[in-house]
Amino acid sequence: MDETHRDRDAEGRARNARPRDGLGRPLPYGTPGVERQPEGVIRSPDETLREAQRLLDAGMPFHAHEVFEDAWKSGPEEERELWRGLAQLAVGLTHTARGNTTGGARLLRRGASALAECARSGGFAEPGEFGDAVPYGIGVSGLIDWAQELAGRVETADGQAAGGRAAGAQPVDAAEEAPCLRPERR
């Protein structure tokens, strides 16, 4: 590819057209990659959760993050923090699977904190919808526990490897570590 040429979408906005692997890392042009998630797709909450869970179970948390990001950007204002928190959990898993344990743990904790805040504040128009689960059957307490446990585990392993990726931090298997978004649906 001509290095002075920038990839553009149909509207002329800069877009990186390089193929990506299952964790969203760019691959060299011409290399087969994983199909990217289409951007700006408006889904129902149920469709969002089903698609994100499918991607998480397939070991593709980066792609699940993009699904949550669409919900965050297109959904009602009162639900944005919920979807943003879920996106942060998915990108936190992405970073831990790439071997970036420090950044991954930070994002996992940030996402858990956002979900906890949603649960505390009620986050939605009708009070009392939060409890053990948030709307749409999302198991918020289980997700918070999962994120905190994984963050602590990768930080402990990272510390034992003497401080980070360069020192030998081990990536996790994204599919094996995938959280369950709606426990009653499993």
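Contact here means heavy atoms within 4.5 Å. That goes for each of the close-ups below, all taken from a predicted model.

**View 1. The whole chain, before zooming in.**
This predicted chain has five helices and zero strands. Read from the N terminus, the elements go α-α-α-α-α. There are 186 residues in the chain, and 46% of them count as buried. Take the contacts between residues at least 6 apart in sequence: 59% of these join residues at least 24 apart.

Glu-177 sits in the segment after H5. Is Glu-177 buried or exposed? Its relative accessible area is 16%, and the cut-off for buried is under 20%, so Glu-177 counts as buried. Leaving aside residues up to four places away in sequence, Glu-177 touches Leu-93, Trp-146, Leu-150, Arg-153 and Val-172.

**View 2. Helix H3 against helix H4.**
Here we have H3 (residues 80-98) and H4 (residues 101-121), with axes that come within 7 Å and cross at roughly 160°. An angle over 145 degrees counts as roughly antiparallel, and that is why H3 and H4 get this label. Their crossing is left-handed. On the H3 side, the contact is made by Glu-81, Leu-82, Gly-85, Leu-86, Gln-88, Leu-89, Val-91, Gly-92, Leu-93, His-95 and Thr-96. H4 brings Gly-103, Gly-104, Ala-105, Leu-107, Leu-108, Arg-110, Gly-111, Ala-112, Ala-114, Leu-115 and Cys-118. Sorted by class, the residues of this contact come out as twelve nonpolar, eight polar and two charged.

Ala-114 belongs to helix H4 and is buried, at 9% relative accessibility.

**View 3. Helix H1 beside helix H3.**
H1 (residues 45-57) packs with H3 at an angle of about 10°, and the axes are 12 Å apart. That angle makes H1 roughly parallel to H3. From H1 come Pro-45, Thr-48, Leu-49 and Leu-56, which meet Trp-83, Leu-86 and Leu-93 of H3. The class count for this contact is six nonpolar, one polar and no charged residues. Leu-93 turns up again here: besides its place in this contact, Leu-93 is touched by Glu-177.

**View 4. Tyr-136 in its loop.**
Where is Tyr-136? Look in the loop between H4 and helix H5 (140-160). The backbone detail to check is phi, which is near 70° for Tyr-136, a positive value in a residue other than glycine. With 30% relative accessibility, Tyr-136 counts as partly exposed.

Cys-180 has 24% relative accessibility and so counts as partly exposed. How many disulfides does a search of the whole structure find? The count is zero.

Technical notes
Residues numbered from 1 in each chain as written. Predicted model: local features only at pLDDT ≥ 70, side-chain atom pairs only at ≥ 80, totals over all residues. Heavy atoms only, no water. Disulfide = S-S within 2.5 Å. Buried < 20%, exposed > 50% of the residue type's maximum accessible area, 1.4 Å probe, protein only. Axes fitted to C-alpha atoms, helices over the stretch in contact; angles between N-to-C directions. Helix = DSSP H or I, 4+ residues; strand = E, 2+ residues; numbered from the N terminus. Parallel < 35°, antiparallel > 145°, perpendicular 65-115°, else oblique. Left-handed = near helix turned anticlockwise from the far one by under 90°. Nonpolar A, V, L, I, M, F, W, Y, C, P; charged D, E, K, R; others polar.
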